[in-house]
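Subject: Handover of a structure and its findings

Dear colleague,

Please find the structure below for your records.

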Amino acid sequence: MAGKPKVVIGRELPAAGLELLTERFTVEIASDPPVPGWLLAHAPGAVAIIADPSIPVDAALLDRAGETLMVVSNFGVGWDNIDLDAIRQRHLRATNTPDVVTSATAELAVALMLAAGRRITEADAIVRANKWVSGEFLGRDLAGATVGLIGF
């Protein structure tokens, strides 16, 4: 393979990650949103495919990439879009970004509890409609409240 090895990216990545890749690889990036079939058309000769949870990585794509493919990386925390059996059969590596949004998810849960308890969405709509009545949306304190987790 002449020149830099090829990495095919199924969707635009943040600039920081992209800059690191372009230093060492020839990078081909799908448009956002990706055109159907783009990844399949650009996969041949790639050493790596970078997908996100919305992009299926199946046996057909892996076969299309060919013998040069070494790794499939998921820009997300899960594996649902990757055919892991097909990865194993071809002795490839698959990666993802575990725990990258764990803290953010917990913080969002707290923010949603505060928003629900203080009726933020309702209050915002009323303020924007210029219909605010003082004291109308005192809401509820979380201090001393019991919090239940459903579907844990």
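This is a predicted model: local features need pLDDT of at least 70, side-chain atom pairs count only at pLDDT 80 or more; totals for chains, interfaces and linings use all residues.

Residues are numbered from 1 along each chain as its sequence is written, and side-chain values use heavy atoms, with hydrogens and water left out.

Overall form

The protein contains 6 helices and 5 strands; these are DSSP runs numbered from the N terminus, helices being H or I of at least four residues and strands E of at least two. Their order along the sequence is β-α-β-α-β-α-β-α-β-α-α. The C-alpha trace spans about 70 × 35 × 25 Å along its principal axes.

Of the 152 residues, 24% are buried (buried means under 20% relative accessible area, exposed over 50%, and partly exposed in between, with a 1.4 Å probe and protein chains only). The protein exposes about 10300 Å², and carbon and sulfur atoms supply 59% of this area (Shrake-Rupley method with a 1.4 Å probe; for residues, only the protein chains shown count as cover). Among contacts between residues at least 6 apart in sequence, 33% join residues at least 24 apart, a contact being heavy atoms within 4.5 Å.

Nonpolar cores

A nonpolar core is here a set of buried Ala, Val, Leu, Ile, Met, Phe, Trp, Tyr and Cys residues joined through side-chain atoms within 4.5 Å. The largest has 19 residues, of which L39, I49, V57, L62, L69 and V72 touch the most other members. Two or more residues of this core come from each of α2 (38-42), β3 (46-51), α3 (59-65) and α4 (84-89). A second, separate core has 8 residues, including L18, L21, V47 and I50. Beyond its neighbours within four places in sequence, V57 contacts A51, L62, V72, N81, I82 and D83.

Salt bridges

There are 6 salt bridges in the structure (a side-chain nitrogen of Lys or Arg within 4 Å of a carboxyl oxygen of Asp or Glu). One of them joins D63 and R90, with the closest N and O atoms 2.9 Å apart. This pair links distant parts of the chain, 27 residues apart: D63 lies in helix α3 and R90 in the loop between α4 and β5 (93-95). R90 is partly exposed, at 25% relative accessibility.

R88 and D85 form another salt bridge at 3.0 Å, N to O. Both residues belong to helix α4 and stand 3 residues apart, about one turn of the helix. R88 counts as exposed because its relative accessible area is 52%.

E122 and R119 also meet in a salt bridge, at 3.1 Å from N to O. E122 is partly exposed at 42% relative accessibility, and R119 is partly exposed at 33%.

Surface patch

V110, M113, L114, L142, V147 and L149 make up a nonpolar surface patch with about 510 Å² of accessible area together. Patches are made of residues with over 30% relative accessible area and no salt bridge, like charges being joined within 9 Å and nonpolar side chains (Val, Leu, Ile, Met, Phe, Trp, Tyr) within 5 Å. L142 lies in the segment after α6 (120-128) and is partly exposed, at 35% relative accessibility.

Yours sincerely
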